[in-house]
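Thanks for asking me to look this over. Here are my notes, written as numbered points so that you can follow them with the structure open.

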Amino acid sequence: MAEAKRAQRPLSPHLQIYRPQLTSITSILVRITGNALFVTVILIVWWLLAAASGEQYFRTANGVLTSWFGDLVLTFSALGMWYHLLAGLRHLYFDSGRGLDIPTAEKLGIGCLVGSVVLTILTVIVL
Amino acid sequence: MRYLTDRKQATGLGSAKSGTDHFWHMQISSVALLFLVPAFIFTFGSAVGRGYEQVLAYYSHPFPAVVAALTLIVGLVHFKNGAQVAIEDYAHGITRKALIIGVTCFSYGSIAIGLFALVKLAL
């Protein structure tokens, strides 16, 4: 088995071959937003730990989170979180075997993209 | 004596030997997070920006503290499982194992630190 001859077979086409499509982009964005949220987790857990550790440490963490950079990161976090949530909802719908035809999938994809921006703007307004 | 046939024992398990468990647990946690994440965004979001004393008082209330605890637990287990699938897609061999171990440590570590902080804040 280990000595099996390695033939030069053609590889199946991958990402670089395909033209980007709404369905593929919205799918990849789910993965990107989900994984990128680890940055948000670090910030949130750090802030909570700082608050639990005393006023001085809290001031440091709170200063970072409420600075313009912290605001920027948290706003993008909200955008990523809302997108991941809406696309997750779409995923649950897909998993039930519905909405898998291209026109519906593309409509739902636009819904996720627009919806996440709208929800982020609402979040920024409310908070 | 076994009453299950060999075929019956293998049905639905696939090559990973765990069947659709992973998929099913992603679905359970995603449904939970549909409710937890909005609640967390608005409770945590309203806490950030307050003063020290106000944050202590806010997180000694049950609702924001319990929402934060549940979001950290369910969210990070969901993250661990999701990131594992991504790692399995792109990384191979020892890199894959190291990354999965790393993500697992990060997830449970963040849960533990977050819960410690929340308990300390609440008491």
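The points below start with conventions, then go through the contact between the chains and end with a few single residues.

1. First, the ground rules. This is a predicted model, in which local features need pLDDT of at least 70 and side-chain atom pairs count only at pLDDT 80 or more, while totals for chains, interfaces and linings use all residues. Residues are numbered from 1 along each chain as its sequence is written, and chains are lettered from A and ligands numbered from 1 in the order in which they are written.

2. Let's begin with helix H3 of chain A, residues 68-95. Helices here are DSSP runs (H or I, at least four residues), numbered from the N terminus. Just after H3(A), A:Gly97 has a positive phi of about 90 degrees.

3. Now the interface as a whole. In chain A, 25 residues are in contact with 25 residues of chain B, where contact means that the C-beta atoms, placed from the backbone, lie within 7 Å. On the chain A side, the elements that give two or more residues are helix H1 (22-53), helix H2 (55-66) and H3. H1(A) provides the largest share, twelve residues. By class, this side of chain A has 17 nonpolar, five polar and three charged residues. For these classes, Ala, Val, Leu, Ile, Met, Phe, Trp, Tyr, Cys and Pro count as nonpolar, Asp, Glu, Lys and Arg as charged, and the others, Gly among them, as polar.

4. How do H3(A) and H2(B) pack? Their axes are 10 Å apart, at an angle of about 150 degrees, which makes H3(A) roughly antiparallel to H2(B). Axes are lines fitted to C-alpha atoms, for helices over the stretch in contact, and angles run from 0 to 180 degrees between N-to-C directions. Angles under 35 degrees count as roughly parallel, over 145 as roughly antiparallel, 65 to 115 as roughly perpendicular and the rest as oblique. Among the residues that meet here are A:Leu85 and A:Leu92 from H3(A), with B:Leu34 and B:Ile41 from H2(B). The residues of this contact divide into eight nonpolar, three polar and one charged.

5. Next, H1(A) against helix H5 of chain B (residues 93-122): the angle is about 30 degrees and the axes are 8 Å apart. The two helices are therefore roughly parallel to each other. H1(A) passes H5(B) in a left-handed crossing, meaning that the near helix is turned anticlockwise from the far one by less than a right angle (clockwise would be right-handed). The residues that meet include A:Phe38, A:Val45 and A:Leu49 in H1(A) and B:Phe106, B:Ile113 and B:Leu121 in H5(B). By class, this contact has twelve nonpolar, two polar and one charged residues.

6. H1(A) also meets helix H4 of chain B (residues 62-90), where the axes come within 10 Å and cross at roughly 130 degrees. That makes H1(A) oblique to H4(B). This crossing, too, is left-handed. A:Arg31, A:Asn35 and A:Phe38 of H1(A) are among the residues that meet H4(B), whose own partners include B:Phe79 and B:Gly82.

7. Is B:Phe40 buried or exposed? B:Phe40, in helix H2 of chain B, is buried, with 21 other C-beta atoms within 10 Å. The cut-offs are 20 or more such atoms for buried, 12 or fewer for exposed and partly exposed in between, with C-beta atoms placed from the backbone. Not counting residues up to four places away in sequence, B:Phe40 touches B:Val67, B:Ala68 and B:Thr71.

8. B:Gln27 sits in helix H2 of chain B, residues 21-47, and is partly exposed, with 15 other C-beta atoms within 10 Å. Leaving aside neighbours within four places in sequence, B:Gln27 is in contact with A:Leu92 and A:Asp95.

9. Finally, B:Tyr108 lies in helix H5 of chain B and is partly exposed, with 14 other C-beta atoms within 10 Å. B:Tyr108 and B:Glu53 are 55 residues apart in sequence and 29 Å apart in space, C-alpha to C-alpha.

Notes:
The expected span of a helix is 1.5 Å times one less than its number of residues. Two residues are in contact if their C-beta atoms, placed from the backbone, lie within 7 Å.
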